[in-house]
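This note is intended for a colleague meeting the structure for the first time. The points below should be read alongside the sequence and the model.

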Amino acid sequence: MKKRILYDTDLIGDDLLTIIIGMGLDNIKFEGITSFGRSISSFERAALAENLIDLLSPYSIRVAAGANAPLVRSPREGCNACNKPIMEFKTYCNLKNNKKNNIEDGAINLITSIIKENQGEITLLCTGPLTNIALALKDSPEIANMVKEVIVMGGTAWTPGNISPVAESNIYNDPEAAKIVFGCFPNITMVGLDVTLKVLVDDKMLNNLNLSDTVIGKLAKGIILSCINEHKRRGEGINAMPLHDPLALMIVFKRELIKTVNCEVNIETCGTYTTGQTVCRPVTPFMYNNDKNIKLVKVATEVNNKIALEVFSEALCNACDKL
Ligand SMILES: [Ca+2]
């Protein structure tokens, strides 16, 4: 049976790859895609998702634009390393007049309506700042108990941060929203830097992928190459693209890719040097028996990167061969 996914995303490079590989997989179905924007607006980002759907999806997917700024903070500029291949793809779509402008008005409406109409069925996959989801929870708190599960690409338990010494970028961008989301949903899996930095596509693997010379093949190759080069430029020791967001998607249908530890997770919102930190405390059965009010989050700590890369490669090549 297909896993039914509501995907909330900031639609930068690896988010687009996530949609592309999602189209190359038979065992998932996107029910809706909602966007978060910054200098490139959520509407423009939603339009990119719609372009991909028009080209690749065998079924219709509802798309809505969401917030353009965090709940209380000023928006930060996101990574723009992949802008060139994305702009080339946009130009292609505009020339082909593929943009149908079916974007719905309001991510919050779409999130709440899909969850309410499909109670217990929907996996909420989040690979951007959690602003849209927090706003949906403020609007309709009851949705917290209506989703099947929530997979969050974000945070880090015991690995250094990627935007500050202790914080991962998605959580750092809107820690107040993350605090609401982690505080409300009873069934969250946190797919953070502890695992995503172990699933890496380097130059050699990209060459071996031998992506077809289609529009989607060029876009995927451009995104991966731009990301590899950006990591090389930063000189942080990772000369490859970490599959942050695609890994979170793969876990929806292939749970055995990761091992998790039950943790209490608190989000730091006011630290001078620690804002956005996901403070994780492993909870033993003994601790939980003494205090059943502890909210448990499944924190991914190990990943089978070999199998993850195989699944990613096959799905990506399938999708790229389509167009
Ligand atoms: Ca993302």
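1. Helix H2 (residues 42–56) lies across S2 and S3, and its direction makes an angle of about 165 degrees with S3. Such angles run from 0 to 180 degrees between N-to-C directions, with axes fitted to C-alpha atoms, for helices over the stretch in contact. Helices (H or I, at least four residues) and strands (E, at least two) are DSSP runs, numbered from the N terminus.

2. This is a predicted model, in which local features need pLDDT of at least 70 and side-chain atom pairs count only at pLDDT 80 or more, while totals for chains, interfaces and linings use all residues. Residues are numbered from 1 along each chain as its sequence is written.

3. Strands S2 (residues 28–35) and S3 (residues 62–65) run parallel and are joined by four bridges. Within this pair, Ile-33 stands opposite Val-63 of S3.

4. Both strands belong to an open, mixed sheet of ten strands, ordered S4-S3-S2-S1-S5-S6-S7-S12-S10-S11. S4 (104–105) and S11 (278–282) are its edge strands, each pairing on one side only; pairing requires at least two DSSP bridges between two strands.

5. Helix H1 (residues 13–23) is largely enclosed by the rest of the structure, because eleven of its eleven residues are buried. A buried residue has 20 or more other C-beta atoms within 10 Å of its own, with C-beta atoms placed from the backbone. Among those buried in H1 are Asp-14, Asp-15 and Ile-20.

How values were computed:
A residue is buried if 20 or more other C-beta atoms lie within 10 Å of its own, exposed if 12 or fewer, and partly exposed in between; C-beta atoms are placed from the backbone. Two residues are in contact if their C-beta atoms, placed from the backbone, lie within 7 Å.
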